[in-house]
Amino acid sequence: MGPGGRWVRAAHTALSAALTLGLLLHRTDLREQEERGELLQPLIFVLLVLCSVLLYFKVSLMDPGFVKPEEEAKAGEAEGQGLVIPQATGDVKLRRCGYCLVKPMRARHCQLCQHCVRRYDHHCPWIENCVGERNHPLFIAYLAVQLVVLLWGGHVAWSGLYFQQSWEWLKYNIFLLLSFLLIVIFTTVVLLLLVSHLYLISCNTTTWEFTSHHRISYLRHSELENPFDQGIILNLWRFFCSRHLTAWEQIYFHRNSEPV
């Protein structure tokens, strides 16, 4: 969380504020509703923008799931009430990190954060933080709220555009036109991110595991294509509703020991 992160967060906040103020001050649907005294939709829009910014800061600043040795034992107890994790055999080795020493299954050491992160998904440059087991659900919530804001903002920006045959229209529409184009770009990125993450979550896999399957030993030597997949419903429940850290080793060895 260095100075680079502060600049990124400041840029995100400034851009959100500038676009919101611009849409409210220009001749758009929201501005016309304000002038008529119909404040419900403008208020909801501002609250959604504020919610997206707060979620952004929460995801950006919170612990994504940094590995802490004292928490690993608790994770095993909470997951299986003291079940013993079988000893790794064959090609599946117990994993250790040269920096953090303890490295549970599905964790990865992030060179930028200088920590091992549980259920590591990726390091996101936009939030200047890793996305891991602790903040991944909030990251999805942030993407969902941000997508709603962008779609609504795009509609509002388009409503303020008016076209003429002369080039004079560009002078009066330049801010809304640039805002609309910027919103379209951000909407495309956020939509693709949200859809891809929801798909991976439904399969109980991560971006790192999906893209590096052939290089991850516990996946490469597993008898199953995805040893953590417990079905869409249970995968979604575990991701969004689980209150404790998951002992992924127990799920891994249990699933691999099941008869095919």
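The legends below accompany several close-up views of one protein, and the model shown in them is predicted.

**View 1. The whole protein, before the close-ups.**
The protein contains 10 helices and 6 strands, and 45% of its 260 residues count as buried.

**View 2. Helix α6 and its bend.**
Helix α6 runs over residues 168-202, which is 35 residues, and the distance from its first C-alpha to its last is 51 Å, close to the 51 Å expected at 1.5 Å a residue. Along its course, α6 bends by about 65 degrees at Ile174. The buried residues of this helix include Trp169, Leu176, Ile183, Val190 and Leu194, and the list also holds His197, Leu200, Ile201 and Ser202. After α6 comes Asn204, which has a positive phi, near 55 degrees.

**View 3. Asn173 within helix α6.**
Asn173 has its place in helix α6, and because its relative accessibility is 0%, Asn173 counts as buried. When its neighbours within four places in sequence are left aside, Asn173 is in contact with Gly160, Leu161 and Tyr162.

**View 4. Segments annotated as transmembrane.**
In the UniProt record, an unreviewed entry, the annotation "transmembrane region" covers residues 6-25, 37-57, 139-163 and 175-200. In the model, the chain over residues 139-163 is 84% helix and 0% strand, with its end C-alpha atoms 38 Å apart. Over residues 175-200 the chain is 100% helix and 0% strand, and here the end C-alpha atoms are 37 Å apart.

**View 5. Two cysteines, Cys110 and Cys130.**
A search of the whole structure finds 0 disulfides. Cys110 is therefore in no disulfide, since the cut-off for a pair of cysteine sulfur atoms is within 2.5 Å, and the nearest cysteine sulfur, which belongs to Cys130, is 3.3 Å away.

**View 6. Ala11 and Trp126.**
Ala11 is found in helix α1, which spans residues 3-25, and because its relative accessibility is 39%, Ala11 counts as partly exposed. Although Ala11 and Trp126 are 115 residues apart along the chain, their C-alpha atoms are separated by 9.9 Å.

**View 7. Two loop residues with positive phi.**
Arg119 lies in the loop between β4 (115-117) and β5 (122-124), and its phi is near 45 degrees, a positive value in a residue other than glycine. With a relative accessible area of 4%, Arg119 is buried. Glu128 is found in the loop between β5 and β6 (129-131), and it has a positive phi of about 50 degrees although it is not a glycine. Glu128 counts as partly exposed, because its relative accessibility is 25%.

Definitions and conventions:
Residues numbered from 1 in each chain as written. Predicted model: local features only at pLDDT ≥ 70, side-chain atom pairs only at ≥ 80, totals over all residues. Heavy atoms only, no water. Helix = DSSP H or I, 4+ residues; strand = E, 2+ residues; numbered from the N terminus. Expected span 1.5 Å × (residues − 1). Bend = angle between axes of the 7 residues up to and from the residue. Buried < 20%, exposed > 50% of the residue type's maximum accessible area, 1.4 Å probe, protein only. Contact = heavy atoms within 4.5 Å. UniProt positions renumbered as here; feature names shortened; annotations may be inferred.
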